[in-house]
Amino acid sequence: MDFSDSPEEAAFRKEVWEFIEAEAPLAGADFREAWQKGQTWWKKLKDKGWIAPAWPKEYGGAGMTVMQQFIFNEEMATRRAPRPMHLVIGLGMAGPTLIVHGTEEQKKRFLPQMLSGDDIWCQGYSEPEAGSDLASLKTRAVRDGDDYVINGQKTWTTLAHQAKWMILLARTDPDAPKHKGISYFIVEMKSPGLTVQPLVNMTGGHEFNEVFLDNVRVPKDNMVGEENRGWYAAVTTLDFERSSIGSAIGLRQEMDNLLNYAREHTEDHTSTLSVSPTLRYELSDRLVETEVARMLSYRVASLQSRGLIPNYEASALKLFSTELHQRISETAIKILGLYGQLERESPWAPLKGRLCYNFLRGAAHTIEGGTSEIQRNIIAQRGLGLPRD
Ligand SMILES: Cc1cc2nc3c(=O)[nH]c(=O)nc-3n(C[C@H](O)[C@H](O)[C@H](O)COP(=O)(O)OP(=O)(O)OC[C@H]3O[C@@H](n4cnc5c(N)ncnc54)[C@H](O)[C@@H]3O)c2cc1C
């Protein structure tokens, strides 16, 4: 494979970084804060169609090709340009699913609001007894006049406490084979009967929630795709979710932060590097592995750009990059010694406690978006042709 840009790709890369250099707020700034303060970065991105660059132009995107998106993402991440991460479920998952499976009315109603940045979305798929085996979900939707009445429970629902809308899977035919009795709904979070309870993760952060649905009425027009055929739309959303997880550039940045810290603190007691030379080898290994992650992400992008659908290749990327994230955090904690345990509130926390946070939060990376065991099953069966049991 030729890893260099074609002349067109190089010109596009230049356009993106020149734009970022000229227009982006300070590297690493918080996008949400910037947007709430009415800063112009949002508007400038929007004018170029770069809020949702993969969406077709007719819906306010830039209609970028797969390779252009890859370059765009690389440049935005490398130059640490702020991106609207709190909108990622709407812009990156629900929106693209509506573009494929939604009615014209649904597209007109929901897509512009997503682009305006006013609507946060969440994803109500997982349930207490349905995660890896998602199709065994039990939440029920029963037709009643022009509505469906929904009862059940969702869990691990990221951003449910801030979201206006939720994409939700519910069983509409309990007698059909499990993949064939599911429908896909858009539910307004302020609907009567819907309650959200916080789940606090081990970093102390409130990212996800439990959502309880007690006779929640959802208009039939909020169904995406056909009744009992929601699994197809659900899989489309998951494909978009998985293709956006695990940025190799992000891993490289974590390594750069760590290396800079280690270089600047060789002699003081906040780095154990000088007393533990073997950590140098560990750092080198991590650096080589970030390059491997980058190659795996190129492989996925190059398949997509040839119109092929990455399958076990995407699983290999997800598995490798999320486990690598954990290894980088472990190396970082060893280098920081006891200081590595300090959280961001502590004035003595190296790198504002970021490495401690990464160490704790990284545990979830190998679960969210499909666990490592599930990725290994996919690689074994579809990549290596091994039998199921
Ligand atoms: C940070 C975070 C955010 C999340 N956000 C959302 C969200 O916004 N919306 C949403 O719907 N969900 C969300 N999830 C849920 C996530 O999709 C599930 O946690 C994940 O799919 C695993 O399901 P589970 O937790 O039910 O574990 P289970 O499926 O019960 O798995 C338990 C263990 O068994 C293993 N296992 C299961 N099946 C197999 C098998 N066939 N072969 C081998 N091993 C197996 C798993 O790998 C795991 O180790 C989030 C999760 C996390 C951690």
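Here is a short tour, stop by stop, through a predicted model.

**Stop 1: the ligand**

Now zoom in on the oxygen atoms of the ligand. Serine 126 uses its backbone here: one of its polar backbone atoms is 2.7 Å from a ligand oxygen. For serine 132, show the side chain, where a polar atom lies 2.5 Å from an oxygen atom of the ligand. Glutamate 373 also brings in its side chain, with a polar atom 2.6 Å from a ligand oxygen.

**Stop 2: a threonine in a helix**

Next, select helix α7, residues 230-244, and pick out threonine 236 within it. Is threonine 236 buried or exposed? Its relative accessibility is 14%, and buried means under 20%, so threonine 236 counts as buried. One way, it makes a polar contact of 2.7 Å with the side chain of histidine 101. If you skip the neighbours within four places in sequence, the contacts of threonine 236 are Thr97, Val100 and His101.

**Stop 3: two helices side by side**

Now colour α4 (residues 66-78) and α9 (residues 278-305). Their axes are 8 Å apart, and the helices pack at an angle of about 150 degrees. Angles over 145 degrees count as roughly antiparallel, so that is the label for α4 and α9. To see the contact itself, show Val66, Met67, Phe70 and Glu74 on α4, then Arg294, Ser297, Tyr298, Ala301, Ser302, Gln304 and Ser305 on α9. Colour these by type and you get 5 nonpolar, 4 polar and 2 charged residues.

**Stop 4**

Finish with the backbone. Most residues other than glycine have a negative phi. Which way does asparagine 215 go, positive or negative? Its phi is positive, near 55 degrees. You'll find asparagine 215 in strand β7, residues 206-219, and at 46% relative accessibility it counts as partly exposed.

Then jump to leucine 351, in the loop between α10 (312-336) and α11 (354-365). Phi is positive at leucine 351 too, near 50 degrees. With a relative accessible area of 33%, leucine 351 is partly exposed.

Technical notes. Residues are numbered from 1 along each chain as its sequence is written. This is a predicted model: local features need pLDDT of at least 70, side-chain atom pairs count only at pLDDT 80 or more; totals for chains, interfaces and linings use all residues. Side-chain values use heavy atoms; hydrogens and water are left out. Axes are lines fitted to C-alpha atoms, for helices over the stretch in contact, and angles run from 0 to 180 degrees between N-to-C directions. Helices (H or I, at least four residues) and strands (E, at least two) are DSSP runs, numbered from the N terminus. Angles under 35 degrees count as roughly parallel, over 145 as roughly antiparallel, 65 to 115 as roughly perpendicular and the rest as oblique. Contact means heavy atoms within 4.5 Å. Ala, Val, Leu, Ile, Met, Phe, Trp, Tyr, Cys and Pro count as nonpolar, Asp, Glu, Lys and Arg as charged, and the others, Gly among them, as polar. Buried means under 20% relative accessible area, exposed over 50%, partly exposed in between (1.4 Å probe, protein chains only). A polar contact is a pair of N or O atoms within 3.5 Å; within protein, one must be able to donate a hydrogen and the other to accept it, and residues adjacent in sequence count only if both atoms are side-chain atoms.
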